[in-house]
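I set aside some time today to look up a few things in this structure. Here are my notes, in the order I made them.

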Amino acid sequence: MATSISDRRPPAPPPPRRKGPPLDLDPAGWTAAIRARAREIGFDAVGFAPARLPPATGEALDRFVELGRHGDMRWIEDRIDWRRSPDALWPEARSAIVLAQNYGPATDPLANLSCPETGSLSVYARGDDYHEVIKAKLRRLARWLWDESAVELKFFVDTAPVMEKPLAALAGLGWQGRHTNLVSRDFGSWTFLAVMLTGLDLVHDRPHGDRCGSCHACLDACPTDAFPAPYELDARRCISYLTIELDGPVPAELRAAMGNRIYGCDDCLAVCPWNKFARGAAEMKLAGREALTAPALADLAGLDDGAFRTMFAKTAVKRIGRDRFVRNVAIAIGNSGRPDLVPALRPLLADGAAQVRAMAVWAASRLMSPAEFAGAAAGRLPGETDPVVLSEWRAAGVLSEEGP
Ligand code: B12
Ligand code: SF4
Ligand code: SF4
């Protein structure tokens, strides 16, 4: 029955079904019943598609990987055969139930970008972790469907080798916009997606066409020029990838464009004109927490592991761990133009994590006076052995090519 598949964990064994004969419904009956139950549970939109993606979608995925645009996200290529189409992952699947959850922000999500002494977290990271919120709802839907139908099913949110956006488009929930995300006429760019595969035959929705027209606002808004062409993303340049997925130092040429974005990025989503039809999220657990709207960089720089876990308890941010997060904070401090943040930055030059020290060197080279920077180098260099950190000191001009 109801098993949740992820790239990281094997599926759980099916729980016992409640006693009694399964419901006897035709495909239209099941489709209507599932739609009603999903809405009752709190999903904002539901669509139905065949459990098979067209070959062209798999070919686009192959091109994305061949071109190396997935960067260090090796898990995309590891299960690429499954990812191309759900029926490769699970041959018995007949239909995909695609679910959308609106997380429309209550205020302008980009407002904080002009406050350089604070950090900007993307909207989705300011509330409870959507994976957990949506998985709880999926479990309820799966439990009900398994009890009523006795037909096997599997469900996913984000982490399984399934291409959720093309499936959602096929199920009529919207279209993949030029920024590559699913745009909905009802919720604009602000939806999370989830998928349930089932052995049931259902009545499939009709995909609806592309409504981007001549607009290219999202392409123009991208701070790092991450779209090599409309409808194509080079993840290696995307701030979402750089701040969340990439471990280690961020490529030097992209750091300045990150501004104060310390977890994810919403620029291409936020400028979409279809957001004018968007509504605020009804799911309260997804509502942004006040403390995460504009946190002071000086406070974030001081987070140790325990304080990081407490501050980001139950959010998606905790998944990246303290070191990667504070690395992002160091870059934002380097972009702040605020020498008054030097006292908060200075301890990061001696941080236990090499990626934090490396980005702190870069930030210090931008904020400190030459004399101050030379003093910091004299204090830190004698004990530094990490090649990545040394290369940052070298790039900042305090080490010769031959070494210290
Ligand atoms: C990997 C991943 C990322 C990567 C890569 C994003 C990407 N566009 O591929 C990174 C880390 C950058 C990322 C960022 C974000 N993500 Co993300 N991500 C995923 C994940 C796990 C897989 C996506 C995937 O399959 N990518 C592979 C590419 C090939 O697929 P595609 O984007 O659909 O590509 C299509 C077209 O763009 C085109 N194409 C793409 N490349 C190429 C190349 C060539 C040559 C050609 C011809 C065509 C072509 O063809 C493809 C098929 O139609 C999904 C969850 C899932 N399991 O599906 C979430 C998901 C897509 N992410 C999501 C979100 C919310 C985000 C962010 C908004 C988070 C944030 N605020 O920071 C950003 C948005 C950035 C952006 N503009 O895309 C949501 C999107 C919801 C929606 N409404 O669409 C998803 C669905 C998670 C979820 N369950 O809700 N993400
Ligand atoms: S999320 Fe930000 S960096 Fe990534 S493509 Fe969109 S605007 Fe560009
Ligand atoms: S901003 Fe414009 S081009 Fe981009 S997804 Fe929205 S409508 Fe399409």
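Predicted model: local features only at pLDDT ≥ 70, side-chain atom pairs only at ≥ 80, totals over all residues.

Next I asked which residues come nearest among the 13 around ligand 3. They are Gly177, Cys212, Cys215, Cys218 and Cys272. I noted that Cys counts as nonpolar and Gly as polar in this sorting.

Then I turned to ligand 1. I found 36 residues around it, with Ala60, Glu164, Asn181, Ser240 and Gly264 coming nearest. By class, I have 20 nonpolar, nine polar and seven charged residues in the shell around ligand 1. Which element gives the most to this shell? It is H2, with five residues. I also listed the elements that supply at least two residues each: helix H2 (55-66), helix H7 (164-170), strand E8 (191-198), helix H9 (239-245) and helix H11 (267-270).

My last stop was helix H14, residues 321-335. Its 15 residues reach 22 Å from the first C-alpha to the last, close to the 21 Å expected at 1.5 Å a residue. Is H14 largely enclosed or largely open, I wondered? Twelve of its 15 residues are buried, so H14 is largely enclosed by the rest of the structure. Among the buried residues I wrote down Arg324, Phe325, Arg327, Asn328 and Asn335. I then checked what follows H14, and found Gly337, with a positive phi near 65 degrees.

Note on methods:
Residues numbered from 1 in each chain as written. Chains lettered and ligands numbered in written order. Near = placed C-beta within 6 Å. Helix = DSSP H or I, 4+ residues; strand = E, 2+ residues; numbered from the N terminus. Expected span 1.5 Å × (residues − 1). Buried ≥ 20, exposed ≤ 12 C-beta atoms within 10 Å, placed from the backbone.
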